[in-house]
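Here is a short report on one protein structure. Keep the sequence and the 3D view open as you read.

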Amino acid sequence: MQLGMIGLGRMGGNIVRRLMRQGHSCAVFDTNAQSVAQLAKEGASPATDLHHLVQQLQKPRAVWVMLPAGEITEATVKALHDLLEPGDIVIDGGNSNYQDDVRRAQSLSVKGIRYMDVGTSGGVWGLERGYCMMIGGDKDAFAHLDPIFKSLAPGVGNIEKTPGRQDRQSTAEEGYLYTGPAGSGHFVKMVHNGIEYGLMQAYGEGLDILKGAAQAHIPAERRYDLDLADITELWRRGSVVSSWLLDLSAISLAEDPELKTYSGYVEDSGEGRWTIQAAIEEAVPADVLSAALYARFRSRKDHTFSEKVLSAMRKQFGGHQEPTKK
C-alpha cells in the first residue's frame, strides 16, 4: 500500500522505514529537509510541502501525521482538511488528547474525509520490534488500512497464547486493535501511558531502596552493597515483576551502574495528566497513577536515584533526552 507521512522524528521516520522494508511505498514530508533527504535515499518519495505530498498519493489517500501534540498537529490537520478530498484518510499517530480527536473527526467528516487516531507505543525500538497500536476512528478506514497496521505491528511472535482466548476473533494478539469511534484509540493509549508512569515509578522507588541499603547510618549487620545491574538482570529471568521496562532498566544500569549521566529531571508528555483528569471525571480512584505524576513534578526541583532510573528508562524506550541543566 501507499502512505504519506508527515513528521520524520524518532518514530515517524522509523515507521516509514518499517513499512518500506515490507514492501509499502511512502511519500514523506518534514520541515527538516535533511530528514526528508535521508529517507529519500532509503527509497521514500520526498515532498517539498503538504500540497506536494498529497499530489503524490493515490486515491483514497492516506496521510499519517506524526507530530507533537498541540498546535503543530492542529495546524497540519486543518491544512489537510483543505487539501484532501472525500474518501481520503487522515491518521494522527502522535499523543494527541482524545477530545481533540473527537472534534477533528467531526470537522473532517463534513467534507467526507475519514479520521483515525492511532495511539502508538514502541518508541525508538519500534523499527525492529514493531509498534503496539490502539486505533480509533472510521471503521471502514481501519479495514482499508489493515495491511499498513499489520506491517507495523509486532505480530504474534513467540509470546504464548493467553488461555481462554481460543474462540476470540481479534487482532489484539498481533499487536494492533480497533478500539472504537474517534478518540478511543488515544483514550486507550492515554491510560496506557498513565499506567506506564506508575510502573516506572515503582521500579524507580524499589531500586532506590535497594541502593539506600548501603548507607552509613544503616546498622552494619543490615548494610548491603547491592549490585543493581545484576539484580535487574536477575529479575528479568522468571520473576513476577519482569517486563520490558525492567529490561530497559537493566540495559541502563549495565551501561552506567550509578546512572551518573542522568540528573533525575523527569518530564511528562501530557498523557499522565489527561489520565488523572479522566479519572476525576469518572470518579475512579487513581492513587498510584496520581502519585507517579506528582513525583515527576517534584523531580524538577529535587532529584533522587529513583528519578534517574525513570530518566534512563525514558531514554531507552523513547530516546527522550533530559533538558540541559540550567
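## The edge of the sheet

In β3, S45 is the bridge partner of A27. The model is a predicted one. A parallel pairing over two bridges links β3 with strand β2, residues 25-29.

Now zoom out to the whole sheet. It is open and has eight strands, with mixed pairing. Their order is β3-β2-β1-β4-β5-β6-β7-β8. Which strands stand at the edges? They are β3 (45-46) and β8 (176-180). Each has a single partner strand, so one side of each is left without a neighbour in the sheet.

## Inside the sheet: strand β4

Strand β4 covers residues 62-65. In the strand order, β4 sits between β1 and β5. Strand β1 (residues 2-6) pairs with β4 in the parallel sense, over three bridges. There, I6 has V65 of β4 as its bridge partner. Strand β5 (residues 89-92) also pairs with β4 in the parallel sense, over four bridges.

Are the residues of β4 buried or exposed? A62 and W64 lie on one side, V63 and V65 on the other, and all are buried. Both faces of the strand are covered.

The loop between α3 (50-55) and β4 holds P60. A cis peptide bond joins K59 and P60, with omega at about -10 degrees. In general, most peptide bonds are trans.

## Two crossing helices

Turn to helix α9 (residues 184-212) and helix α12 (residues 271-282). They pack at an angle of about 105 degrees, and their axes are 8 Å apart. Angles of 65 to 115 degrees count as roughly perpendicular. The two helices are therefore roughly perpendicular to each other.

Which residues of α9 meet α12? They are F187, M190, V191, N193, G194 and Y197. On the α12 side, the contact is made by E271, G272, W274, T275, A278 and E282. The residues of this contact divide into six nonpolar, four polar and two charged.

## Helix α11 and its cover

Helix α11 runs over residues 244-255 and has 12 residues. From its first C-alpha to its last it reaches 17 Å, close to the 16 Å expected at 1.5 Å a residue. Its buried residues are L245, L246, L248, S249, A250, S252 and L253. What covers them includes α9, α10 (228-235) and α14 (305-318).

Helix α14 contains S311. How accessible is S311? Its relative accessible area is 4%, and buried means under 20%, so S311 is buried. Leaving aside neighbours within four places in sequence, S311 is in contact with Y262, G264, Y265, V266 and E322.

As a general rule, most residues other than glycine have a negative phi. L259 has a positive phi, near 50 degrees, and is not a glycine. A283 is not a glycine either, and its phi is positive at about 55 degrees.

Where do they sit? L259 is in the loop between α11 and α12. A283 is in the loop between α12 and α13 (287-299). What is the relative accessible area of L259? The value is 1%, so L259 is buried. For A283 the relative accessible area is 68%, so A283 is exposed.

Definitions and conventions: Residues are numbered from 1 along each chain as its sequence is written. This is a predicted model: local features need pLDDT of at least 70, side-chain atom pairs count only at pLDDT 80 or more; totals for chains, interfaces and linings use all residues. Side-chain values use heavy atoms; hydrogens and water are left out. Axes are lines fitted to C-alpha atoms, for helices over the stretch in contact, and angles run from 0 to 180 degrees between N-to-C directions. Angles under 35 degrees count as roughly parallel, over 145 as roughly antiparallel, 65 to 115 as roughly perpendicular and the rest as oblique. Contact means heavy atoms within 4.5 Å. Ala, Val, Leu, Ile, Met, Phe, Trp, Tyr, Cys and Pro count as nonpolar, Asp, Glu, Lys and Arg as charged, and the others, Gly among them, as polar. Two strands pair if DSSP finds at least two bridges between them. The expected span of a helix is 1.5 Å times one less than its number of residues. Buried means under 20% relative accessible area, exposed over 50%, partly exposed in between (1.4 Å probe, protein chains only).
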